[in-house]
Amino acid sequence: MTLLNPKQRLLNVLENKPVDRPPVICPGGMMNSAIVEVMKNTGITLPEAHQDADLMARLARVIQQYTGFENFGLPFCMTVEAEVFGSTIDMGTLECEPKIAKERFPDSGSVVYEDVETLLQQGRIATVAEAASKLASDFPDIPVLASLTGPVSLAASIVDPIPFLKDLRRNPEAAHRVMDYATRFLIGFVRLLSQHGVSAITFGDPTATGEILGPKMFKEYAVPYLHRVVAGAHEAGLPAIVHICGDLSPVKALLPEIGADAISTDALINLRKLKEALPGINTMGNVSTYLLEFGPKEKISEVTKRLVKEGIDIISPACGLSTSSPIEHIRAMTEAVRS
Amino acid sequence: MSKQERILADLAKGVLELDENLTVTTAKEAVEEKLDAYTAINDGLVAGMNEAGRLYEEEEYFVPELLLASDSLYAGLEILTPHLPKDEEGEKAKVVIGVVQGDTHDIGKNLVKIMLEVGGFEVIDLGRDIPAEAFVAKAKEVKAQIIGLSTLMTTTMPQMEKVVRLLEEEGLKDSVKVLVGGGPVSHAYAKNIGADGYADNATNAVRVAKGLLGIQVEDAIA
């Protein structure tokens, strides 16, 4: 086999074509790798880089150089989408990622619907797209991943999550309407990103877990809308990874219906067993972020090598990295895959 | 079934089956019938909520169901609590609870609060995105026995350790127990930072909290 560059390797895995070894990536968004040590070493810092395309691209580049991850991952938060829907965002600090200070609507029934194409021209949508374009043209061999907020989590970022979760049962019509709104927006965002050199999309949907929703609600709300955004990515010519937080056991059987090109999971999931249970699905993960923060690096290396040996298709952190994770620990992970 | 038994059964059913209307109608009926409010709360509403908690543990119920059951519970409490005799409101163990600074995810914290209240604790809820200092200050002010800390984000986990260190600095580490939980938090992490307890879900949080205090707390909300 000819030597693959990082972009070909990742795309091959997602297209079920042969590879020399698994890629080691960190998708961005809720799973970004903007760690404090890299920012302090380079002077390219958050929160400034959340709002400036050039800084965002430069930060993604230095992260990739320092950590050894084989991709660029954009953006560095999961508030880009909610912001354009009118939720109030706290941009955070160097150490602390942005968060939603207040959701725009108190419940599903009070959502005011706007034109999705108009929303796509607002906020930091263009910042992310522009940063992706820069990276894709400067480094054609390295895949640019955009990591977006999944549809359930986006709906629960527009509507206060507690009433929204109740609405899933008490007002399903309104809840479905919000889900459809979030989904149409995400499909538009993906289409836009596909025109800016993005190689693949990751949807991180931390509210859409089996533990929070249970299998019935997961089937009714998570599966069909995740399926739609994944299909939207495919229509735009991009593969899609879906990250499911927490214990996915209650919803394992439903995962194939999402149609993702890879499923990424939390550290508590045994990926080898998941692979056995769902042989048609590419698996991604799942080096413990606790381990990546506290080490020791020998253990990180050992855990990573075990994942490679077990045939896990893409190696990545299991969830959002702590911003205080040391570079040395991340390198122990990325180098273990390459050794 | 006597009238009283039917009322208690309907109060429990209104909570368990997420039927707020049934709970409210039945609670009003309980008041009209001069049913003992303490009994109505504990053998009706709380019994229903405990059953909902059991279904949650068995993975029959999930977060949306537990939230709606608690809405139903609180709607019933609002009607019945004013009818409680004053002298039955004994001193309850106090828990100061909140989501740590930097994080606004409060679903888990809200569930823990509900189950702690059902479990007989007085819960002082500081809300979300709360600085470490505020937890300690509030715990001192109300003489809380437990501080409950929640976070869903790995980036904000160090805030939990900060609370433990502050308690140490103030010499309160032994008198105020720290209970931690949330998505990325683990038993190992709790031990590592010197927290006293870790719970992986809302119903276990009640067990761990009771264990930390080494006391038997009655299943009583009143």
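Leu18(B) counts as buried, because its relative accessibility is 17% (buried means under 20% relative accessible area, exposed over 50%, partly exposed in between, with a 1.4 Å probe and protein chains only). Its phi is positive, about 60°, although Leu18(B) is not a glycine. Leu18(B) sits in the loop between helix 1 and helix 2 (20-32) of chain B. Helices here are DSSP runs of H or I with at least four residues, strands are runs of E with at least two, and both are numbered from the N terminus.

Before I go on, some ground rules. This is a predicted model, where local features need pLDDT of at least 70, side-chain atom pairs count only at pLDDT 80 or more, and totals for chains, interfaces and linings use all residues. Residues are numbered from 1 along each chain as its sequence is written, chains are lettered from A and ligands numbered from 1 in the order in which they are written, and side-chain values use heavy atoms, leaving out hydrogens and water.

Asn16(A) is not a glycine, and its phi is near 60°, a positive value. Asn16(A) is in the loop between helix 1 (6-14) and helix 2 (36-42) of chain A. Is Asn16(A) buried or exposed? Asn16(A) is exposed, because its relative accessible area is 59%.

Next, the cis peptide bonds. One joins Leu74(A) and Pro75(A), with omega about -20°. Pro75(A) belongs to the loop between strand 1 (72-74) and helix 4 (80-84) of chain A. Another cis bond runs from Gly295(A) to Pro296(A), and there omega is near 0°. Pro296(A) is in the loop between helix 12 (289-294) and helix 13 (297-309) of chain A.

Now the helix packing. Two packed helices are described by the angle between their axes and the distance between the axes. In chain B, the axes of helix 1 (residues 3-16) and helix 3 (residues 37-57) come within 7 Å and cross at roughly 35°. Axes are lines fitted to C-alpha atoms, for helices over the stretch in contact, and angles run from 0 to 180 degrees between N-to-C directions. The residues of this contact divide into 10 nonpolar, 4 polar and 2 charged. Ala, Val, Leu, Ile, Met, Phe, Trp, Tyr, Cys and Pro count as nonpolar, Asp, Glu, Lys and Arg as charged, and the others, Gly among them, as polar.

A contact between chains comes next. Helix 10 (residues 210-235) of chain A and helix 4 (residues 63-80) of chain B have axes that come within 7 Å and cross at roughly 100°. Therefore helix 10 of chain A is roughly perpendicular to helix 4 of chain B (angles of 65 to 115 degrees count as roughly perpendicular, under 35 as roughly parallel, over 145 as roughly antiparallel and the rest as oblique). The residues of this contact comprise 5 nonpolar, no polar and 2 charged.

Last, the rings. How many aromatic pairs are found over all chains? The search of the whole structure gives 8. Rings of Phe, Tyr and Trp (its six-membered ring) pair if their centres lie within 6.5 Å; planes under 30 degrees apart count as stacked, over 60 as edge-to-face and the rest as tilted. The rings of Tyr290(A) and Tyr189(B) are edge-to-face, because their planes stand at 85°, with centres 6.0 Å apart. Tyr290(A) is in helix 12 of chain A and Tyr189(B) in helix 8 (residues 187-193) of chain B, so this pair joins two chains. Tyr189(B) is buried at 2% relative accessibility, while Tyr290(A) is partly exposed at 23%.
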